[in-house]
Amino acid sequence: MTERTVTRRELLRRCGTLVVTAAAGSSILSACGGSGGLDCTDTSGLDASQRTQRTSLQYVERSRFRDKNCANCSLYESAAENQCGGCTLVPGPINPAGYCAGWVANPA
Ligand code: SF4
């Protein structure tokens with residue numbers, strides 16, 4: 001059996017962003033796939049204006065920040081585990097590992 005050690009640098013390179021989710025008072029380190037590979041990109045239910053709003057706020061499925069993501073944004077509307085949530089600012093399905101320019105810290 002061959003064992004292989006993955007360095008921190010390699011993990012970061014592979015995964016892009018490490019997402020720390022502060023859900024239910026616990027921190028979940030989610031690497032390689034954000035929230036379990038959750039895909040919240042289906043905007044077929046949105047009209048053109050809503051899609052534009054989503055784009056203009058630069059919503060992305062994976063935050064590039066370690067400490068800022070939709071799950072810890074005060075505008076995030078959480079859903080059941082492994083489901084897309086919502087947002088009071090950005091229309092459509094929202095990935096808890098995502099991010100946009102409207103991010104607002106949850107009050108402590
Ligand atoms: Fe995510 Fe932006 Fe909505 Fe906050 S405002 S939950 S960062 S999409």
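## Terms and model

On a 1 Å grid over the protein atoms alone, a cavity is a set of points where a 1.4 Å probe fits but cannot get out, and its lining residues have an atom within 4 Å of a point. A molecule sits in a cavity if more than half of its atoms lie within 2 Å of its grid points.

This is a predicted model, in which local features need pLDDT of at least 70, side-chain atom pairs count only at pLDDT 80 or more, and totals for chains, interfaces and linings use all residues. Residues are numbered from 1 along each chain as its sequence is written, and side-chain values use heavy atoms, with hydrogens and water left out.

## Cavity and ligand

The ligand takes up the space of the largest cavity. The volume of the largest cavity is about 80 Å³, a volume being the space filled by probe spheres set on the points, which are joined across faces, edges and corners. The count of cavities of 30 Å³ or more is one.

Residues lining the largest cavity include Leu-89 and Ile-94. The lining has eleven nonpolar residues, one polar and no charged; Ala, Val, Leu, Ile, Met, Phe, Trp, Tyr, Cys and Pro count as nonpolar, Asp, Glu, Lys and Arg as charged, and the others, Gly among them, as polar.

Around the ligand (a heavy atom within 4 Å) stand Tyr-59, Cys-70, Cys-73, Leu-75, Tyr-76, Cys-87, Val-90, Cys-100, Gly-102 and Trp-103. This shell divides into nine nonpolar residues, one polar and no charged.

## Chain

The protein chain has two helices and four strands, in the order α-β-β-α-β-β along the sequence. Helices (H or I, at least four residues) and strands (E, at least two) are DSSP runs.

Of the 108 residues in the protein chain, 34% are buried, meaning under 20% relative accessible area with a 1.4 Å probe, protein chains only.

Note on methods
On a 1 Å grid over the protein atoms alone, a cavity is a set of points where a 1.4 Å probe fits but cannot get out, and a pocket is an open set with protein on both sides within 12 Å along at least five of seven lines; lining residues have an atom within 4 Å of a point. Buried means under 20% relative accessible area, exposed over 50%, partly exposed in between (1.4 Å probe, protein chains only).
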